[in-house]
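Please read it alongside the sequence and the coordinates.

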Amino acid sequence: MTQATHKEFGISALGMAIPHYALPLEEFAKIRAVNPTQYTESLGCQVMALCSPNENVITLAVKAAQRALENWHGSRDEIGLVIVATESAVDMSRPLSSWVMSGLGLRGNIRSYEIKHACYAGTAAIRQAMEWHLSGNSKGKAALVVAADVALYAPGHSGEPTQGAGAVAMIIASPDIAAIHPTSYYWSDPQFDFWRPVGQPYPEVNGRLSLTCYTNAALQCFKQLAPQEALANYLDEYEYICLHVPFPKMVYKAVKQLGEYCGWDIAKINKEYQSKIYATLAWNQQIGNAYTASLWFSVAHALTQLQSKQQLLAFSYGSGCGAELLSLQCTSNQATSAWRQQLCTDLENREFIDHKFYQTIRDKS
């Protein structure tokens, strides 16, 4: 029933980066004087990644991109497109891709730009890279796509415990890690569920509307895969289903609505969530919401658990709102890959701070 996955283009190399500081949600709960389970169980969050004074969205993007290039079999001369997706832009005119190219020492016959569409932008960038290849305009060169963000909310905001930061960089060329099917499924519905006006340091959030938009967009994308009576069987053909992770329990709400549409009872919904979705969230729980990079941390984690020819679905959502559903097929097991070990080492070596230190660095921001 599943369409044959396109074998020509996909993820050729991966690189990831996270900041040095980490704040356990148990420590953050001391600031709010609440039971930590309000965050660890009600939201499903464990740790938020935070930038140290010498880190920002540029350093994270450059580090992830450097790693992707180091982990790739090609050379820098073979890069013909650089796209950086972010909602943490540092300039209203100069694209973040220019900072990344400067950090990498890239220049020449390269198309370069930044893309913004809230958390969906990373996926939009990958789709543009794919379509650049499929159009024939790549002239045999590869695309470097970087999704990088630093997510901070105003102190005391309800979104503060979901904060995070990180970057995922991918070389889009030959599918050495995973093939990406050229057909995708998308949905848009203009809304003010999450926004940050120019000059405002922190986002505005309509939490209830954001949840409604997210769960509805997920359902609308998945409904395009197959008729309602056949959708459950169609989903059985995928080992994992990755979704954008504002926080894990928001993912569960989308899965619950999808399961109800498929006619599953609550036991079946929970079983599917545990086996196909929750298993992909381990890195997200240790990083927090990294906006454009969030979905791709989940996809990367899933790829370390897949065998060749196994498939996954990736649902991307960006406030505003727009969403897209992609299918990928693993082409080689990545359990011992260099990029996986790089992130695991970063997670092991980062500095865990306490609530007092967190308040100090927030006072300086």
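Which residue stands opposite leucine 144 in β7? Leucine 144 stands opposite isoleucine 171. The model is a predicted one, in which local features need pLDDT of at least 70 and side-chain atom pairs count only at pLDDT 80 or more, while totals for chains, interfaces and linings use all residues. Residues are numbered from 1 along each chain as its sequence is written, and side-chain values use heavy atoms, with hydrogens and water left out.

**Strands**

Helices (H or I, at least four residues) and strands (E, at least two) are DSSP runs, numbered from the N terminus, and two strands are taken to pair if DSSP finds at least two bridges between them. In general, strands of a sheet pair through backbone hydrogen bonds, either parallel or antiparallel. Strand β7 (residues 164-173) pairs in the antiparallel sense with strand β6 (residues 142-151) over 9 bridges, and it also pairs in the antiparallel sense with strand β1 (residues 10-17) over 7 bridges.

Burial is expressed here as relative accessible area (buried under 20%, exposed over 50%, partly exposed in between, with a 1.4 Å probe and protein chains only). For β7, 10 of the 10 residues are buried, so the strand is largely enclosed by the rest of the structure. Gly164, Gly166, Val168, Met170 and Ile172 point one way from β7, whereas Ala165, Ala167, Ala169, Ile171 and Ala173 point the other way, and all are buried.

Strand β2 (residues 21-24) runs antiparallel to β3 and is joined to it by 4 bridges, with proline 24 opposite valine 47 in β3.

**Aromatic pairs and charges over rings**

A pair of aromatic rings is described by the distance of the centres and the angle of the planes. Rings of Phe, Tyr and Trp (its six-membered ring) are paired if their centres lie within 6.5 Å, with planes under 30 degrees apart counted as stacked, over 60 as edge-to-face and the rest as tilted. A search of the whole structure finds 12 aromatic pairs, two of which are set out below.

| Pair | Centre distance | Plane angle | Class |
|---|---|---|---|
| Tyrosine 214 and phenylalanine 315 | 5.9 Å | 75° | edge-to-face |
| Tyrosine 252 and tyrosine 273 | 5.0 Å | 85° | edge-to-face |

Tyrosine 214 lies in helix α6 (residues 207-222) and phenylalanine 315 in strand β13 (residues 311-318), so their pair ties together parts that are 101 residues apart in sequence. Tyrosine 214 is buried, with a relative accessible area of 0%, and phenylalanine 315 likewise counts as buried, at 0%. Tyr214 and Phe315 form one aromatic cluster with Phe222 and Tyr317. The other pair links tyrosine 252 in helix α8 (residues 248-262) to tyrosine 273 in helix α9 (residues 266-277), 21 residues apart, and both tyrosines are buried.

A charge sits over a ring if NZ of Lys or CZ of Arg is within 6 Å of the ring centre and within 35 degrees of the ring normal. Arginine 94 lies over the face of tryptophan 99, at 4.3 Å from the ring centre, and lysine 268 lies over the face of tryptophan 264, at 5.4 Å.

**Nonpolar cores**

A nonpolar core is a set of buried Ala, Val, Leu, Ile, Met, Phe, Trp, Tyr and Cys residues joined through side-chain atoms within 4.5 Å. Of the 51 residues in the largest such core, Phe222, Leu225, Leu235, Leu243 and Phe315 touch the most other members, and α8 gives the most to this core, with 8 residues. Apart from it lies another core, of 50 residues, among them Met16, Ala125, Ala143 and Tyr240. With contact meaning heavy atoms within 4.5 Å, and not counting residues up to four places away in sequence, phenylalanine 222 touches Leu231, Leu235, Ile241, Leu258, Leu313, Phe315 and Leu325.

**Cysteines**

The structure holds 0 disulfides (pairs of cysteine sulfur atoms within 2.5 Å). For cysteine 242, the nearest cysteine sulfur is that of cysteine 330, 12 Å away, and cysteine 242 is buried, with a relative accessible area of 0%. The sulfur of cysteine 321 is 4.5 Å from the closest cysteine sulfur, in cysteine 213, which is too far for a bond; cysteine 321 counts as buried, at 4% relative accessibility.
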